[in-house]
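Please read this briefing alongside the sequence and the model. The points below are grouped by topic.

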Amino acid sequence: MGLAATVKRAATRAVINKVLGLLDSSDANLLRIVRTLRFVSPLDWYTKALTAMEGYITDGHPGVEAARRTVRLLSKNARRKLVENLIDNTFLGGHHLRYEFWEREGFGPPTTLLLSPTTVCNLKCYGCYAEGHDVHSTLEYDVMNRIVREAKEVGCPLVHFVGGEPFLMKEVWDLFEAHPDVYFNVFTNATLLGEPELDRLAKLGHVALSVSVEGLQMHTDERRGRGIYAVATGTMRKAAERGIPVAFSATYSKANYESVATPEFFDAMIDAGCIFGWFFPLMPVGSCAVPQLMLGPYEKMQMRDRLAEARRTKPLFFFDFGHDEWMAGGCLAGRKMLHINSQGGVEPCIFTQFAVDNVHDKSFTEALRSKYLGKVREDERIRANPKKTCLVTDIPEVYREIVGTEGAGSQSGDTLTTTLAPVMDAFAREDKALHATEKP
């Protein structure tokens with residue numbers, strides 16, 4: 001590391017120590033944290049976001065109370081890991097690594113890596129994107145360990161475990177231990193987390209839980225099995241009591257969209273100790289896809305409006321993959337995120353289940369150089385409107401073209417580009433007509 005890099009690193013650490021010293025819930029200290037981070041922000045995009053946050057604090061936005069709740073609920077260890085691994089390793093220090101990569105390669109690496117260590121799951125939820133995969137498909141520890149190491153070396157130290165049920169594999173615990181400088185988030189059904197596992201997570205500090213629910217008890221138990229809602233929310237509470245970062249993960253579809261974004265749902269998640277939430281529209285992907293449960297464009301717009309109202313009224317942070325990707329300049333697939341499936345295939349995202357390259361025979365950087373991923377990153381049609389660029393639902397014809405040109409294969413069958421193609425095209429046409437008067 002050169003002198004300039006060493007000085008920058010030392011300055012960053014000084015900022016982190018200052019932030020940690022300010023972590024109480026007063027408005028004055030929240031403002032000091034935002035202004036301190038803005039001072040060292042490496043990008044205009046970060047600076048604009050931090051300036052907006054300063055305005056929220058001044059105006060008393062519910063997001064301010066969400067920040068206070070986060071500070072109150074996280075343990076001292078979890079707070080330190082959150083600040084060190086997200087602010088420093090991912091955004092500040094990570095930015096410099098990504099910039100160096102861009103100078104070498106001509107494009108930037110993703111910020112976020114999604115890993116599916118297995119497709120095996122102890123629950124059977126209809127419409128699951130992983131349902132119908134090879135149930136014996138798992139990634140070896142050595143492969144995952146190498147990929148995580150190579151990813152953080154180029155500025156991608158934020159790793160989400162998806163699946164399948166990640167906690168069915170003991171190897172994920174070994175990865176947590178091996179990479180304390182990576183921030184992990186595990187999407188889980190929470191059925192395998194007893195007191196010993198939660199104690200272990202609390203001690204680690206750099207692992208967050210995103211617990212899957214489908215709304216309140218009726219819809220969760222209907223899709224996931226009797227009693228699962230009680231297990232999920234019970235685990236949330238026990239984790240929150242230990243200061244572990246807890247989020248909910250909710251898939252919305254025709255079966256539950258009228259109840260999953262209600263004030264009652266948000267209140268229940270807040271009561272269970274969640275500090276964050278993920279919303280995913282049900283996608284008709286995988287060999288057991290249920291396209292009839294996919295929201296239509298008008299229903300999806302209703303969901304967007306309900307979530308916008310929740311942001312104005314509820315003290316909880318959340319991200320909706322159906323509408324919020326514009327915050328990062330549009331579709332994240334292959335650009336801000338990357339998914340490695342349980343066979344090692346490198347996919348643009350977890351819903352674009354086609355791959356050309358495989359990490360069993362390529363390094364992380366070599367996989368990023370793929371012509372297939374390059375087309376997903378660079379096709380101007382994908383960037384034309386940052387608010388309407390999902391490869392699966394908004395421009396399916398573009399994705400079919402890229403898949404066909406590059407000879408990408410699917411782990412779960414090619415229905416998205418064959419039998420379901422007319423369904424996706426019809427959705428895209430209807431959605432485009434509905435939003436024709438909206439500005440990009």
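In this predicted model, R377 lies over the face of F107, at 3.8 Å from the ring centre. The remaining points concern pairs of aromatic rings, of which the structure holds 23, and the packing of helix α17 (residues 396-406) with helix α18 (residues 421-434).

**Aromatic pair F248 and F279**

- The ring centres of F248 and F279 are 5.3 Å apart and the ring planes stand at 75°, so this pair is edge-to-face, given that planes over 60 degrees apart are classed in that way.
- F248 belongs to strand β5 (residues 246-252) and F279 to strand β6 (residues 276-281), so the pair ties together parts that are 31 residues apart in sequence.
- F248 is buried, with a relative accessible area of 0%, and F279 is likewise buried, its relative accessible area being 0%.

**Aromatic pair F354 and Y399**

- Between the rings of F354 and Y399 the centres are 6.1 Å apart and the planes are at 80°, so this pair, too, is edge-to-face.
- Distant parts of the chain are linked by this pair, since F354 sits in the loop between β9 (346-347) and α14 (364-368), whereas Y399 sits in helix α17, 45 residues apart.
- F354 is buried at a relative accessible area of 3%, and Y399 is buried at a relative accessible area of 2%.

**Aromatic cluster**

- Ring pairs join F187, F276, W278, F280, F319, F321 and F351 into a cluster.

**Packing of α17 with α18**

- Helix α17, which carries Y399 of the pair described above, packs with helix α18 at an angle of about 140°, and the axes of the two helices are 9 Å apart.
- The two helices are therefore oblique to each other, because an angle has to be over 145 degrees to count as roughly antiparallel.
- On the α17 side the contact is made by P396, E397 and R400, and on the α18 side by A421, M424, D425 and A428.
- Sorted by class, the contact of α17 with α18 has four nonpolar and three charged residues, with no polar residues.

How values were computed. Residues numbered from 1 in each chain as written. Predicted model: local features only at pLDDT ≥ 70, side-chain atom pairs only at ≥ 80, totals over all residues. Heavy atoms only, no water. Axes fitted to C-alpha atoms, helices over the stretch in contact; angles between N-to-C directions. Helix = DSSP H or I, 4+ residues; strand = E, 2+ residues; numbered from the N terminus. Parallel < 35°, antiparallel > 145°, perpendicular 65-115°, else oblique. Contact = heavy atoms within 4.5 Å. Nonpolar A, V, L, I, M, F, W, Y, C, P; charged D, E, K, R; others polar. Phe/Tyr/Trp six-rings, centres within 6.5 Å; stacked < 30°, edge-to-face > 60°. Buried < 20%, exposed > 50% of the residue type's maximum accessible area, 1.4 Å probe, protein only. Lys NZ or Arg CZ within 6 Å of the ring centre and 35° of its normal.
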